[in-house]
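Let's take a walk through this model together.

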Amino acid sequence: MKLTRTLLTAAAAAMLASPALAAPLKVVTTTEDLASLAREVGGDKIEVIALAKGYQDPHQVDPKPSFILAVSRADVLIVVGRELEIGWLPALQASSRNAKIQVGGPGYLDASMTVKILEIPTGQLTRAMGDVHPQGNPHYWLDPNNGRKMAQAIRDKLSELDRANAATYASRYADFDKRLAAAEQRWDAALAPFKGTKIVTYHRSWPNFMERWGLNVMGYVEPKPGIPAPPQHIIDLITDMKAQKVKVIIVEPYWDLKTPNAIAAQTGGKVLVLAPSVGGTKEATDYISLFDYDVNTLVTALKGV
Amino acid sequence: MDTVTILQFLAAPIVASLIIAGIHAYLGLHVVERGVIFVDLSLAQIASLGAAIAVFRGYDPHDPALYWMSLGFTLIGAFVFAMIKGHEADIPQEAIIGISYAVASAAVIIVMSQSTGEAEHLKDMLVGNILSVQWPEVWLTAAIYVAIGLFHFVFRKRFLEISIDTKAAAARGVPVRFWDFLFYSSFGFVVTRSVAIAGVLLVFCYLIVPSVGAMLWAKRIGPRLAIGWVMGVLVSMLGMYFSVVFDLPTGATIVCTFGGVLVVMALLRPLVRRRRA
């Protein structure tokens, strides 16, 4: 409902603001992280709509009618890529009948092209390798340095489509870059004492986050989301956690807490719900406050154990 | 104006829902008459098992082999359901259907736990989303349903007699098991496709609710079919409209609209009945 109203206002604004050149670029992003980065760079020169909410699992989004409308009117579509949105976005792009934002179109931006991607399988893929993403782990935005590269890609794409405002995009990016660098120093300092700490995560959503701050993921609660892990896996995990004194289990807000809680009870550990995306918790209102929240929550928990 | 624009983009989903409404309102009459309400859920789950096994065997989730594998499993399911009915044992057929559903669902989980990451996506593919349906899919589905509809139209007397009074048909020397198998396999064909487009919940509603609504208002098969079709079409359009106006997920909105309209029809029943009397 709110989105419909936003769209109506956007449409009305677009009509009032003709000639078309003066109208702000309409940017649609698949996630709120991308929307936040686009806002940092674009400011009031663009209008941003994020499709998936930060508390939703971006693998599985139930498309609503307003999504089609938003995508059909978009000048730019920014996606996470690496098959993250494969379950719902291609059909939406096809339904939109908007040539600009199709894969390879001038308004299509896959934000993953310039960032550091982890867990890209090498060589022949076989079933024996278990749960594998052929294009690498798509949760790459959880390293602030990747966020910087994503913002650069957004700056370049916006400047390419809207040359008149290129200087604004450049200076807004420079400002974001400065604030991000200051924040990174803060986060690095807060997590430095815990380098090498072992933790358990629910699923493989945090490799970039953990690599950035030198934390060690020693196991997963459910290697395949939605499919209960076999009992032996849970028993092994509990044994390993006890032996290696691992006390923290990180879970995304959209997974069930029953299994992690049971494991925590057995090992005397703590279950920590961290926000994987902007909007995943009410404190994470933009890209920088997302890390503020996650880093602070994690540091508080690690200090306590 | 906003609503109209969105409806334009929803043309393919709307046509798809009308096609599905058309064939399911008819098949639903048979299913309700036979008292095998959950047979579609069960066959859909057996079809998923086929697809899951195909992925496990190393096929790409977009490979046509997936469809053939799930169709093969559906036919096996149809064969089992047709055979069980012939025994006339003390076990209600619905129990067997329920057991098949549970076992097939669990088997899908086990197979998926043994295969690679691609299996995660299988869930989305088997449970379609009506909003995402594309024109080529719509036309292919329309062609298949017209073929199956014609088949049922040609043999409509046979299918009706084995659905309504099996014993009498058997007494007259009709090979009931054979026709039951034809019924369940054509039905499985339809359900497998519909579920891939619209998802399990929505297909269940298209199958059962129009025929239940029709039973409230009419006794004979002709009027029931007419009421079922009108209801299926109206609810599709109304649900689509609500989904646009309130910006809600389309499939779930149509399902709830079905529920609401059925309640209204039940409340209006005394009026309809009195006028007819």
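**A loop to start from**

Start at K245(A), which sits in the loop between α8 (231–243) and β7 (248–251) of chain A. (Helices here are DSSP runs of H or I with at least four residues, strands are runs of E with at least two, and both are numbered from the N terminus.) The phi of K245(A) is near 55°, a positive value in a residue other than glycine. Is K245(A) buried or exposed? K245(A) counts as exposed because it has 12 C-beta neighbours inside 10 Å. The rule is that a residue is buried if 20 or more other C-beta atoms lie within 10 Å of its own, exposed if 12 or fewer, and partly exposed in between, with C-beta atoms placed from the backbone.

Before going on, a word on what you are looking at. This is a predicted model, in which local features need pLDDT of at least 70, side-chain atom pairs count only at pLDDT 80 or more, and totals for chains, interfaces and linings use all residues. Residues are numbered from 1 along each chain as its sequence is written, while chains are lettered from A and ligands numbered from 1 in the order in which they are written.

How far can you trust the picture? For the complex, the predictor gives an ipTM of 0.74 and a pTM of 0.82. Chain A has an average pLDDT of 88, and 88% of its residues score at least 70; pLDDT is the predictor's confidence in each residue, from 0 to 100. Within chain A, confidence is highest in strand β3 (residues 76–79), at a mean of 98, and lowest in helix α1 (residues 2–16), at 53. Over residues 14–20 of chain A the pLDDT is below 50, and beyond near neighbours in sequence this stretch has four contacts in the model. Two residues are in contact if their C-beta atoms, placed from the backbone, lie within 7 Å. Where pLDDT is low, the predicted coordinates should not be read in detail.

Now for chain A as a whole. Its secondary structure comes to 10 helices and eight strands, and 44% of its 305 residues count as buried. Take the contacts in chain A with a separation of 6 or more: residues 24 or more positions apart account for 62% of them.

Chain A is divided into domain 1 (2–184) and domain 2 (186–304), with bounds that come from an automatic or database domain assignment. Where the two meet, 28 residues of domain 1 are in contact with 26 residues of domain 2. On the domain 1 side, the elements that give two or more residues are α2 (32–42), α5 (144–161) and α6 (166–191) of chain A. That side has nine nonpolar, nine polar and 10 charged residues. (Ala, Val, Leu, Ile, Met, Phe, Trp, Tyr, Cys and Pro count as nonpolar, Asp, Glu, Lys and Arg as charged, and the others, Gly among them, as polar.)

E160(A) is in helix α5 of chain A, and it counts as partly exposed, with 14 C-beta neighbours inside 10 Å. Its C-alpha atom is separated by 9.1 Å from that of P106(A), 54 residues apart along the chain. T285(A), in the loop between β8 (270–273) and α10 (287–304) of chain A, is also partly exposed, with 16 other C-beta atoms within 10 Å.

Over to chain B, where the average pLDDT is 86 and 91% of the residues score at least 70. Among its elements, helix α7 (residues 135–154) has the highest mean pLDDT (94) and helix α6 (residues 118–126) the lowest (54).

Look next at helix α2 (residues 11–34) and helix α8 (residues 156–164) of chain B, which pack at an angle of about 25° with their axes 8 Å apart. That makes α2(B) roughly parallel to α8(B), since angles under 35 degrees count as roughly parallel, over 145 as roughly antiparallel, 65 to 115 as roughly perpendicular and the rest as oblique. (Axes are lines fitted to C-alpha atoms, for helices over the stretch in contact, and angles run from 0 to 180 degrees between N-to-C directions.) Here H30(B), E33(B) and R34(B) in α2(B) meet F159(B), S163(B) and I164(B) in α8(B).

Finish at G232(B), in helix α12 (residues 221–245) of chain B. G232(B) is buried, with 29 other C-beta atoms within 10 Å. Leaving aside neighbours within four places in sequence, G232(B) is in contact with A21(B), A25(B), Y206(B) and P210(B).
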